[in-house]
Amino acid sequence: MAPACCSTSRPGQALCTTLPCQLAQSPIAGPGAMAVEPQLSAGGRMAAAAAAEVGCQVFVEVQRAWGDTDAVPHPLRDITDLELEEIRQLKHPPETVSRVMECVHLILGGEGPSRSTGSIEWIAVLRTVVRTDFLRRVRHFDVAELRERPALVDCICRDYLAGPRALKPDRVRHASRAVVAFFGWTVALIAGALPVWPVEEVGGAEARREVFRLEAERLEAALQARQREEAQLAAARREEAKQQEAKRKEAEREEAARQAAEREEAARREAEEQEVARQEEKERQAAEEGRRLAEQERLEALARKKRKEEEALEAEKAGIFSPEMCFWDTVGNPERKFLEVEEGAVKFPHADFVTCCNVLTREPVRRGGHFFEFMMHRLGGEQWCGVTTDNTQAGMRVSGWNLKGWSYYSGNREANSNGRPALHVNKKVVQSFAHVLEGDIVGVLLDADRRGLVFLRNDDVQGVCELLPRNRSPLFLFTHVGAEGDHVEVRRLPPSQAPRNAVVALEQLVGHIAPVQ
């Protein structure tokens, strides 16, 4: 049934403006409510039609003032899921937020006021808002549906958009920016529906003025935004056109540059081809020259090898050289069990029981010219190497500092030691030499007939000495190993392979001396 406040309504009279009455008359009323539409007399219907025509003209004038409103963006076009979720999370919303969303709830056909409280419960509003199709419904809502519900439009106008509690844009923005779009949506729908009814029948003059003013402001703001967007779009198009023109000119410049570069590249390639042809000819000639020199070098190497073989054969026939001169003697060495010997290589693997050991060759040098090399594969401490006439010094009984003979002292590897590399002659320091390091080669160029000797380090002459007294005493090669892991190897090379500066130094030393008989 209609509320009591509507029981005295007469045909032609304006609808009751109280909320319970309007909702009872609206199709959105709860179960059991009866929809009541006003019955107008013929005169009343003519007056209502005239008033509706005036209202429509007013609304049309508002629309005409702002142009094509179909081009105005939908109020909810930019609403985001985040903003909608902000509303859904509210348990006790501000009054302004609650009232705006009540309007949305009612327009979408939500439940009316509770019978117990006489107001719309927030939980009922949330049931509408949380529906998965909520945004689709509000965005596609047809204002024609609202024109079939004058009581609802009248209720929203009088209770929400007019009077002391009327919703205002500033209040809405202050309460929550998320519901501003829903407020604009509500105003747009109401403004679109009002002109079909007379002023005194639906909404009232005050509410209509406020609704049309709000809608005009919304349209103005929307159209200004559209004009700004259009201006920005036009500016963007102009800028794009400028950029396209600049790109076109740049493309023309690039094309011209490309053609010029192609011409330059063609000229460069032609020059390169000519240069390649010249280089190929040079390389061909160089290859021929290289083959000729390689053949010449091969023949010379064969000749040198033959000479070496002949020298070695002659030396063996004359008794000047024997391989035993480069093989270390273990039979006559009392500390042989602490050594590892393989022909010309000797290792000192352990220093647990002896601290050092002198190692001599099996056979001495008796006459002729010889060139020996001591290769320091592993050098952990002090090292003496050279020649001696006393083969009784083998073993550990004689220290390196007390050796009799002519030796190259490598120097002490310890930082605080006073032992400096030098030529040692019969326990005496004669001349400073260069330090011998692991991997170095100590050379010995020996003239056993004229008793002269040259020491080298990596083919650099370090010093010379005479083997005094001059006699025919046999000369044994020796080395002194004194650190765990020492590894020394001796080998003989033909004297013709000795460095030229060593040969000159030896000739200057004993060249004027006749061989010992």
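Is Trp-384 buried or exposed? Trp-384 is buried, at a relative accessible area of 1%, where buried means under 20% relative accessible area, exposed over 50% and partly exposed in between, computed with a 1.4 Å probe on protein chains only.

The structure is a predicted model, in which local features need pLDDT of at least 70 and side-chain atom pairs count only at pLDDT 80 or more, while totals for chains, interfaces and linings use all residues. Residues are numbered from 1 along each chain as its sequence is written, and side-chain values use heavy atoms, with hydrogens and water left out.

The chain contains 12 helices and 13 strands; these are DSSP runs numbered from the N terminus, with at least four residues for helices (H or I) and at least two for strands (E). Of its 517 residues, 41% count as buried. Among the contacts in the chain with a separation of 6 or more, 71% come from residues 24 or more positions apart, a contact being heavy atoms within 4.5 Å.

Among the helices, H4 (residues 95-107) packs against H8 (residues 150-160) at an angle of about 175°, and their axes are 11 Å apart. H4 is therefore roughly antiparallel to H8. Axes are lines fitted to C-alpha atoms, for helices over the stretch in contact, and angles run from 0 to 180 degrees between N-to-C directions; under 35 degrees counts as roughly parallel, over 145 as roughly antiparallel, 65 to 115 as roughly perpendicular and the rest as oblique. On the H4 side, Arg-99, Glu-102, Cys-103, Leu-106 and Ile-107 take part, and they meet Leu-152, Ile-156, Asp-159 and Tyr-160 of H8.

Helix H5 (residues 122-129) is mostly covered, with 6 of its 8 residues buried. These buried residues are Trp-122, Ala-124, Val-125, Leu-126, Thr-128 and Val-129. Their cover includes helix H3 (81-88), H4 and helix H6 (134-139).

Strand E7 (residues 422-425) runs antiparallel to E8 and is joined to it by 4 bridges; Ala-422 has Ser-432 in E8 as its bridge partner.

The aromatic residues return the account to Trp-384. There are 9 aromatic pairs, counted where rings of Phe, Tyr and Trp (its six-membered ring) have centres within 6.5 Å; planes under 30 degrees apart count as stacked, over 60 as edge-to-face and the rest as tilted. Trp-384 and Trp-401 form an edge-to-face pair, 5.5 Å centre to centre with 80° between the planes. Because Trp-384 lies in strand E5 (residues 384-388) and Trp-401 in the loop between E5 and strand E6 (406-409), this pair ties together parts that are 17 residues apart in sequence. Trp-401 is partly exposed, with a relative accessible area of 39%. Trp-401 also pairs with Tyr-409 in a tilted arrangement, 4.9 Å centre to centre and 55° between the planes. Tyr-409 counts as buried at 0% relative accessibility. Together, Trp-384, Trp-401 and Tyr-409 form one aromatic cluster.

Terms used. Two strands pair if DSSP finds at least two bridges between them.
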